[in-house]
Amino acid sequence: MFTIDYSNDKDFELRSKRPAAKTDDIIPVVKSVLEEVKNKGDKAVRELTLKFDKSCPKELLATAEELDAAEKEVPEDLKKAILIAKNNIEKFHQSQIITERKKITTSEGIECWQKMVAIEKVGIYIPGGSAPLFSTVLMLAIPAKLAGCKEIVLCSPPRSGGSINSVVLYCAKLLGITKVFKIGGAQAIAAMAYGTETVPKVSKIFGPGNRFVTVAKQLVNSCETAIDMPAGPSELAVVADKNTNAEFAAADLLSQCEHGPDSQVGLFVSDEDKKNEIIAEAERQLELLPRKDIAQKAFALSFAVVVDSNEKAIELTNIWAPEHLILATDDAEILAEKVINAGSVFVGKYACESAGDYASGTNHTLPTNGAAKAYSGLNMDSFMKKITFQTISENGIKKIGNAIETMAAAEQLDAHKNAVTVRLK
């Protein structure tokens, strides 16, 4: 972890700039994958799965028998933990649903309102790799179910034997998802975006992934398929002061570093001695991690910055706009009110980021790479659309008709003007 010495906010912004994710080298590969799946459907999916995942499942769709078998493989203590997480995630996301439909009279004879409507078909991508993220099934499928999405398609990479991680399958079954496909990478995104003989076409795709998945999502988003949000390597910021528990703070920093070698964390601390203590403790804990090699690379990309006050620390985190923000100071609740840019905030010394990743109830699908300045984390709105409605009476069109005609004429849109004129006549 390196220390940033800065002279002003602009200088800090420059020095804390995230390492640029290089994608130019893989864009041609991803475009080729998308085109193959679009033109050849299941045949291309099978060929690409064998090529990239070294696996060739007999059937792309997981059978009911496979879902049942997976349930038996999951240890009971893990099932109980998943149920606790499921319950809390459901409670929090259920609270976000707005059922009231409020009609507004904007002028005499004119009523306007909006209705929340679920996106009918959604796709969920669950990474496999070295750490299959079964918790992401809960984070994506629960709000999709609560929203009322009619069709949920789940794709996850097959293992060498052709099966999907058993805990991923268990979570899918627990939430009533039956369309689970053994497909990973860019080919999974293509299958959901364009549809194949077996994989239904969806309107919006959710979920994290590697560089190939991220680029694939961005490319299909440029056509007709929506995606959840811009995605990048995982990141976290910790705001600390002289009384912060160094062991806690160090553990929090490393919890993000172990995601991948391109993850990044930042320590914003108002005490030089505490900075040194936290870094030393992180280096000690690092040696004990099974994923030390991965975490060590991420830790080397990460930074610490010493500030003159906790308020200044928040100013700088608002500039950096982290995916996760932990406030581990004595005045954490006061500082929380000053947060403007962050994906998810963890307030107080017991609020570790891992809680949000798994079981506190908030969603762990969050904006990264500074996108928190403009994007929200995943929530119920992510799975819904807002459609506006209006009724206009004869008296209502008389009230605003002349204004519409005048404005349409000023924009030289005569057909627009005429649509009002014929009614006024």
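Contact, as the word is used in this report, means heavy atoms within 4.5 Å. The structure is a predicted model, in which local features need pLDDT of at least 70 and side-chain atom pairs count only at pLDDT 80 or more, while totals for chains, interfaces and linings use all residues. Residues are numbered from 1 along each chain as its sequence is written, and side-chain values use heavy atoms, with hydrogens and water left out.

Lys217 is found in helix 9, where helices (H or I, at least four residues) and strands (E, at least two) are DSSP runs numbered from the N terminus. Lys217 is buried, at a relative accessible area of 4%; buried means under 20% relative accessible area, exposed over 50%, and partly exposed in between, with a 1.4 Å probe and protein chains only. When its neighbours within four places in sequence are left aside, Lys217 is in contact with Ile189, Ile205, Phe206, Gly207, Ile227 and Asp228. Cys223, by comparison, belongs to the loop between helix 9 (211-221) and strand 8 (226-227), and with 55% relative accessibility Cys223 counts as exposed. The C-alpha atoms of Cys223 and Ala193 are separated by 9.4 Å, and these residues are 30 residues apart along the chain.

**Helix 5**

Helix 5 (residues 76-94) has 19 residues and reaches 27 Å from its first C-alpha to its last, close to the 27 Å expected at 1.5 Å a residue, the expected span being 1.5 Å times one less than the number of residues. Its buried residues are Lys79, Ile82, Ala85, Lys86, Ile89 and His93. Seen down the axis of helix 5, these fall within an arc of 125°, so they line one face of the helix; the arc is that of the directions from the helix axis to the C-beta atoms. The face turned away from the buried side of helix 5 carries the exposed residues Glu76, Asp77, Lys80, Ile84 and Lys91. Among the elements that cover the buried residues of helix 5 are helix 4 (64-73), helix 6 (134-147), helix 7 (166-174) and helix 15 (353-358).

**Nonpolar cores**

A nonpolar core is a set of buried Ala, Val, Leu, Ile, Met, Phe, Trp, Tyr and Cys residues joined through side-chain atoms within 4.5 Å. Of the 39 residues in the largest nonpolar core, Val122, Val137, Leu138, Leu154, Val180 and Phe383 touch the most other members. Helix 4, helix 5, strand 4 (121-125), helix 6, strand 5 (151-155) and helix 7 each supply at least two residues of this core, and its largest share, eight residues, comes from helix 6. Apart from this core lies another, of 28 residues, among them Ala44, Tyr125, Ala191 and Ala216.

**Aromatic rings**

A search of the whole structure finds ten aromatic pairs, counted where rings of Phe, Tyr and Trp (its six-membered ring) have centres within 6.5 Å, with planes under 30 degrees apart called stacked, over 60 edge-to-face and the rest tilted. Two of these pairs are set out below.

| Pair | Centre to centre | Angle between planes | Type |
|---|---|---|---|
| Phe2 and Phe303 | 6.4 Å | 40° | tilted |
| Phe12 and Phe303 | 6.2 Å | 70° | edge-to-face |

Phe2 lies in strand 1 (residues 2-3) and Phe303 in strand 11 (residues 303-306), so their pair ties together parts that are 301 residues apart in sequence. Phe12, in helix 1 (residues 9-15), is 291 residues apart from Phe303. Phe303 is buried, with a relative accessible area of 0%, whereas Phe2 counts as partly exposed at 34% relative accessibility. Ring pairs link Phe2, Tyr6, Phe12, Phe268, Phe303 and Trp320 into a cluster.
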